[in-house]
Amino acid sequence: MFMTNAGVAELNAEGQQFLLHVRAIPENTTDKIIYTSGDESIATVTEDGKITAVAEGETIVYISCGKYSIECPVIVKYEEETIPTT
């Protein structure tokens, strides 16, 4: 079993990153933590849990360890640039 304090990963710019902090319980488990993006056209995730925004949209990062799994919702919504008026 494992835990994360991530909740929802909200990214607001292409290339912005979010690092998941996941810990296996018990700590001496031999099971590996595996991260998988539900839609790599929205966000990718590395084997160490770093999410990177690719395009606007919503997806899920699936995190598994042995027989346990959890999901981290990912929302990529770019902030609108404001142009100062003179």
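Reader: Which residue in β9 is the bridge partner of Ala9?
Author: Val74 is the bridge partner of Ala9. The model is predicted.

Reader: What makes β2 and β9 a strand pair, and in which sense do they run?
Author: Pairing takes at least two bridges. Strand β2 (residues 9-11) and strand β9 (residues 68-76) have 3 bridges between them. The count meets the cut-off, so β2 and β9 are called paired. Their sense is parallel.

Reader: How do you know that β8 pairs with β9, and is that pairing parallel or antiparallel?
Author: Again, the cut-off is at least two bridges. Strand β8 (residues 57-65) is joined to β9 by 9 bridges, therefore the two pair. They run antiparallel. One of the contacts to look up is Glu58, whose bridge partner in β9 is Ile75.

Reader: How many residues lie between the strands in the hairpin of β8 and β9, and which residue takes a positive phi?
Author: There are 2 residues between the strands. Gly66 takes the positive phi, near 65 degrees.

Reader: What is the strand order in the open sheet of 3 strands?
Author: The order is β3-β7-β6, and the pairing is antiparallel.

Reader: Why are β3 and β6 called edge strands?
Author: Each of them, β3 (17-19) and β6 (43-45), pairs on one side only. On average, neighbouring strands in this sheet are turned by 20 degrees against each other, direction ignored.

Reader: What makes β6 and β7 a pair?
Author: They share 3 bridges, and at least two are needed, so they count as paired. Strand β7 covers residues 50-53 and runs antiparallel to β6. Thr44 stands opposite Thr52 in β7.

Reader: How many helices and how many strands does the protein have?
Author: It has 0 helices and 9 strands. Along the sequence, the pattern reads β-β-β-β-β-β-β-β-β.

Reader: Why is Val22 called buried?
Author: Buried means under 20% relative accessible area. Val22 has 17%, so Val22 is buried. Val22 lies in strand β4. In sequence, Val22 and Ile33 are 11 residues apart; in space, C-alpha to C-alpha, they are 8.1 Å apart.

Reader: How do you know that Cys65 is buried?
Author: Its relative accessible area is 4%. The limit is under 20%, therefore Cys65 is buried. Cys72 has 1% relative accessibility, so Cys72 is buried by that limit too.

Reader: How many disulfides does a search of the whole structure find?
Author: It finds 0 disulfides. A disulfide needs two cysteine sulfur atoms within 2.5 Å.

Reader: Which residues touch the most other members of the largest nonpolar core?
Author: They are Leu20, Ile33, Tyr35, Ile51, Val61, Ile63 and Val74, out of 18 residues in this core. The elements that give two or more residues to the core are β2, β4 (22-24), β5 (33-37), β6, β7, β8 and β9.

Reader: What share of the protein is made up of buried residues?
Author: Buried residues make up 28% of the 86 residues. The accessible surface is about 6000 Å², and 49% of that surface belongs to carbon and sulfur atoms.

Reader: What share of the contacts with a separation of 6 or more comes from residues 24 or more positions apart?
Author: Such residues account for 47% of those contacts.

Reader: Where is Pro26 found, and what kind of peptide bond joins Ile25 and Pro26?
Author: Pro26 is in the loop between β4 and β5. The bond joining Ile25 and Pro26 is a cis peptide bond, with omega about 0 degrees.

Terms used. Residues numbered from 1 in each chain as written. Predicted model: local features only at pLDDT ≥ 70, side-chain atom pairs only at ≥ 80, totals over all residues. Heavy atoms only, no water. Helix = DSSP H or I, 4+ residues; strand = E, 2+ residues; numbered from the N terminus. Axes fitted to C-alpha atoms, helices over the stretch in contact; angles between N-to-C directions. Core = buried A, V, L, I, M, F, W, Y, C linked by side-chain atoms within 4.5 Å. Buried < 20%, exposed > 50% of the residue type's maximum accessible area, 1.4 Å probe, protein only. Contact = heavy atoms within 4.5 Å. Areas by Shrake-Rupley, 256 points an atom, 1.4 Å probe, with all protein chains shown as cover.
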